Amino acid sequence: MDKKRILDKLKLRLTDIEHLGAALALLDWDMSVNMPPKASETRAKIVATLSSLAHTQFTDPEIGKLLFSLKRFEKQGMLDAKESAIYREVNRSYVKELKLPDAFVNELARTTSEAHGIWVQARKSSNFKLFSPQLSKIVELKRRQADYLGWKESPYDALLEDFEPGLTSEEVSSKFHHLKEFLTDYVKKISNSKVRISTSKLKGVFDVATEKEFNRFVASKVGFDFEAGRMDESAHPFSTSFGPGDARITTRYKEDDVLYSLGSTIHEVGHALYEQGLKSEYHGTPLGTSVSLGIHESQSRLWENLVGKSFPFWKYFYPNLQKFFTKPFNNLQLEEFYNIINLVKPSLIRTEADEVTYNLHIVIRFEIEKELIDGSIEVKDLPKIWNSKYKEYLGVKIPDDATGVLQDVHWSAGLFGYFPTYTLGNLYSAQFYNKAKQDMPNLEKLFSKGKFQPFLSWLRTNIHEHGKLFTAAELCQRVTGEGLNPEHYMRYITGKYNKIYKI
Ligand code: CO
């Protein structure tokens, strides 16, 4: 068979599998947005059947044969950069999937799907013991998964590979350690600052329908295409995509906090802009999907924090916010508003944390899940360990499990190795933003005039459009001229907060 026929055959197969993946993603979206509570068990079975079907299709020996033929062309240097990336990525996933027995994939899908409902109940009643048996089962399955996949230094490495290919826990540990030292020290500097910021001026009762309207206004202004996506509500905001033309985001609203939803909305919009920026002609191949979770998260963090919590951004949006909600904003100056939304205060809930303390929440989760997977700690001790780390790193006391160890959905879904990608995203975001400003010195001036398209175009050209053509490390090098360097993030934090807190 010639090269073109092999590639065409492979693309055809991959597109079918991609469609199954999209159906699973849609069921997952529905589970968080629409599904009635009693549907949990049935849904778990449906998800298990489809997951197993996707697994069987992807591990079909025919795909192995096609990859084997491509390998010959690759060795002879006959694949161009795009073909080569397709081979590299499909082969990597194929080899990995082949290592997981069908029965295992089925069991993991069924267990995590069932666990979701139990986690919701446990969190509602703040009862870790209710969730503990399910979590123990999931941890045991994830350890087995790591063993099937193979690992050298730590079983956690095998799980990290799912979200951030090529990265080891050793590298994460060293980058996080440096960051943890900087942040714990910097948080102290902020708490010793004479500047006192109070959120009391943002208090009020807000009409949720108007909040929704404002969120939609901001989302579309920065570039979210509502003709190619939807915005709904869920307990835990997230974004997902079912292919070209259908990128979904969710958010959540509070009647007494008008800005509660906005951070999440802009964050998820950042994810969706990446999905909407992938090239539809590559759909079904790795070139039509995002690089890694870390790079995906860099996009959401860019919009949420570096853009969405910046002064120029609010110079444009604040007069609009004042129009939507005259009270209390007509009596509040932009400068003061800007300081309030950038308040730094150690807190309990990760998703509500400010951008300075946020990464400490992640360091805690990374340290815990790594030790859970390598067996140095046990599930039953989690609340105790969680609470003591919060005391040590953030100086906060956890009142109950609902606001402590039960707050995140991730572990119930079997997502071990996912948390570090949030902080990696923060680190990448500052590095990309730094380069964008070098390329476009008037960038922030444009923001203050409500012009976000030039920045989005920069992201599209430099990052979105390539899909998986480059690895995360290659992309970072290509866009910024160096590997991932946490210094950019630390410089960004000090540059911004030294001013706010007069440090
Ligand atoms: Co995100």
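A cavity is a set of points, on a 1 Å grid over the protein atoms alone, where a 1.4 Å probe fits but cannot get out. The model is predicted, with local features requiring pLDDT of at least 70 and side-chain atom pairs pLDDT 80 or more, whereas totals for chains, interfaces and linings use all residues. Residues are numbered from 1 along each chain as its sequence is written, and side-chain values use heavy atoms, without hydrogens or water.

View 1. One cavity of 30 Å³ or more is found in a search of the whole structure. The largest cavity holds about 70 Å³ of space, a volume being the space filled by probe spheres set on the points. Its lining residues (an atom within 4 Å of a point) include Trp 119, Phe 128, Arg 365, Trp 386 and Asp 408. Helix α6 (residues 128–149) gives the most to this lining, with three residues.

View 2. His 267 (NE2), His 271 (NE2) and Glu 297 (OE) lie 2.1 to 2.2 Å from the cobalt ion; donors are N, O and S atoms within 2.8 Å of the metal (3.2 Å for Na, K and Ca). The donor residues follow the spacing H-x3-H-x25-E in sequence.

View 3. His 267 and His 271 are separated by about one helical turn because they stand four residues apart in helix α10 (residues 260–277); helices are DSSP runs (H or I, at least four residues) numbered from the N terminus. His 267 is buried, at 8% relative accessibility, and His 271 is buried at 9%, where buried means under 20% relative accessible area (1.4 Å probe, protein chains only).

Key
Helices (H or I, at least four residues) and strands (E, at least two) are DSSP runs, numbered from the N terminus. Buried means under 20% relative accessible area, exposed over 50%, partly exposed in between (1.4 Å probe, protein chains only). On a 1 Å grid over the protein atoms alone, a cavity is a set of points where a 1.4 Å probe fits but cannot get out, and a pocket is an open set with protein on both sides within 12 Å along at least five of seven lines; lining residues have an atom within 4 Å of a point.
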